[in-house]
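Here is a colleague's note for someone opening this entry for the first time. Please keep the sequence and the model side by side while reading the points.

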Amino acid sequence: MGITKLHGLAVLVTAGITGVIWYHHPLSPSHDQEPTASPEEAILLMSNMNQSSCQLSRQTDLNEPSPMLPRRRDVLVLTPWLAPIVWEGTFNRDILNAQYMQKNLVTGVVTFAVKRYIQFIEGFMSSANKYFLAGHQVNFYLFTDNPEQIPHLQMAPENHLFVIPVQNHSGWQDISMSRMDIINRYIHNQFQYEVDYLYSIDIDVQLFEHIGVEIIDTLVGTISSRQYTARRERKSYETRTESQAAIPRGEGDFYYTASFYGGSVCEVYKLTRDCFKGVMKDRENGIEARQHDESHLNKYLLYHKPTRLLSPEYYWDEELSQPPIIRVKRMCPVRKDSKN
């Protein structure tokens, strides 16, 4: 009898964990009830009700097996606020692809190639064209100060590249700190009408393995590689209390890279809006955050918890020693010549 009770308890616990992850997946039927937009955010909903990610209809079959399964025992697969952490071995991409196809969704990717970073365009685009949401509709929005120097790029039939001229700033710090504002303005004026989900990815990276629809959720952050290679007190949380990006000591949970983040177009609009407000407030006070836009991103995600976290597999710095928990490196930064 005792064994039977223990077995039944184990089944209930397993079902509960799986149910929580399934509930949090954006393609699950539990997301039929949409959040109410504030008046300020209503601008994102008025003209594109059918395509806006805030108004997606959910048609997933309740009898389908869960696409997200906590099959890894060597890593954390759920946050304290019950958001899934995506690792190799924790999802079924075939099921996710089938569900995603039913929705006729479009995902956008924003990247910046300014000044010498134009040299990374071909490597990034060729690898992203091959590995990022392969087989699904993706709009790539490339911001550059030298549109005439963009090489000819052969895109997959389902992918589209849009080259957008951007102002040439004096230094890379200015470019970094302006990205949030540029993304925010283009969401308001253009992207909200064209894509359902939007992700920001650095241009100086290459993809080596498939990054699929397991990344799709309302608000997504990628755990920094250094989360697993540095002690908590040495992580790059903003510590200067006068900065708008400052995080009170001891309050940080995960440290997120600004090289890869995203979510629904509505949520990315709010994220970029609030982060840029913090940037401008710092400028008024003559302050520059320690890690620039990444500091402000981490402050935002501390108080607006991501609904999905991507493990460091999705952005791994190859200068770091690779621990056994990293089974696959999906995207890595390109090593730069210090002379360039």
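1. Basis of the note. This is a predicted model, in which local features need pLDDT of at least 70 and side-chain atom pairs count only at pLDDT 80 or more, while totals for chains, interfaces and linings use all residues. Residues are numbered from 1 along each chain as its sequence is written, and side-chain values use heavy atoms, with hydrogens and water left out.

2. The sheet. Eight strands form an open sheet with mixed pairing, in the order β1-β9-β7-β8-β5-β2-β3-β4. Strands here are DSSP runs of E with at least two residues, helices are runs of H or I with at least four residues, and both are numbered from the N terminus; two strands pair if DSSP finds at least two bridges between them. At the edges are β1 (85–86) and β4 (159–165), each of which pairs on one side only.

3. Strand β7 and its partners. Which strands pair with β7, and in what sense? With β8 the pairing is antiparallel over five bridges, and Val220 stands opposite Gly262 of β8. With β9 (residues 308–310) the pairing is parallel over three bridges, and there Gly221 stands opposite Leu309. In a regular strand the side chains alternate between the two faces of the sheet. In β7, Leu219, Gly221 and Ile223 point one way and Val220 and Thr222 the other way, and all are buried, where buried means under 20% relative accessible area, exposed means over 50% and partly exposed lies in between (1.4 Å probe, protein chains only).

4. Strands β5 and β8. β5 pairs with β8 (residues 256–264) in the antiparallel sense over five bridges, and the bridge partner of Ser200 in β8 is Tyr261.

5. Helices on the sheet. Helix α3 (residues 121–131) lies across β2 (107–113), β3 (138–144), β4 and β5, running at about 170° to β3. Helix α5 lies across β5, β7 (219–223) and β8, running at about 135° to β8. These angles run from 0 to 180 degrees between N-to-C directions, with axes fitted as lines to C-alpha atoms, for helices over the stretch in contact, and contact means heavy atoms within 4.5 Å.

6. Helix α6. Because nine of the 11 residues of α6 (residues 293–303) are buried, this helix is largely enclosed by the rest of the structure. Among the buried residues are Asp293, Glu294, His296 and Tyr300.

7. Salt bridges. A salt bridge is a side-chain nitrogen of Lys or Arg within 4 Å of a carboxyl oxygen of Asp or Glu, and by this rule the count comes to 14. One of them joins Arg179 and Asp202, whose closest N and O atoms are 2.9 Å apart. Arg179 lies in helix α4 (residues 172–189) and Asp202 in the loop between β5 (197–201) and β6 (205–207), so the pair ties together parts that are 23 residues apart in sequence.

8. Two pairs within α5. Glu267 and Lys270 meet in a salt bridge of 2.7 Å, N to O; they are three residues apart in α5 (residues 265–284), and therefore separated by about one helical turn. Glu267 counts as buried at 16% relative accessibility, and Lys270 counts as buried at 18%. Glu284 and Lys281 also form a salt bridge, with the closest N and O atoms 4.0 Å apart, but here Glu284 is exposed at 60% and Lys281 partly exposed at 39%. Elsewhere, salt bridges that share partners join Arg72, Asp74 and Glu313 into one network.

9. Asp202. Is Asp202 buried or exposed? With a relative accessibility of 13%, Asp202 counts as buried. Leaving out residues up to four places away in sequence, Asp202 touches Thr111, Phe124, Arg179, Ala258, Ser259 and Tyr315. A polar contact of 2.7 Å joins the side chains of Asp202 and Ser259; the term covers a pair of N or O atoms within 3.5 Å, where within protein one must be able to donate a hydrogen and the other to accept it, and residues adjacent in sequence count only if both atoms are side-chain atoms.

10. Asp282. This residue lies in helix α5, and Asp282 counts as buried at 0% relative accessibility. Apart from neighbours within four places in sequence, the contacts of Asp282 include Glu242, Ser243, Ile287 and His296.
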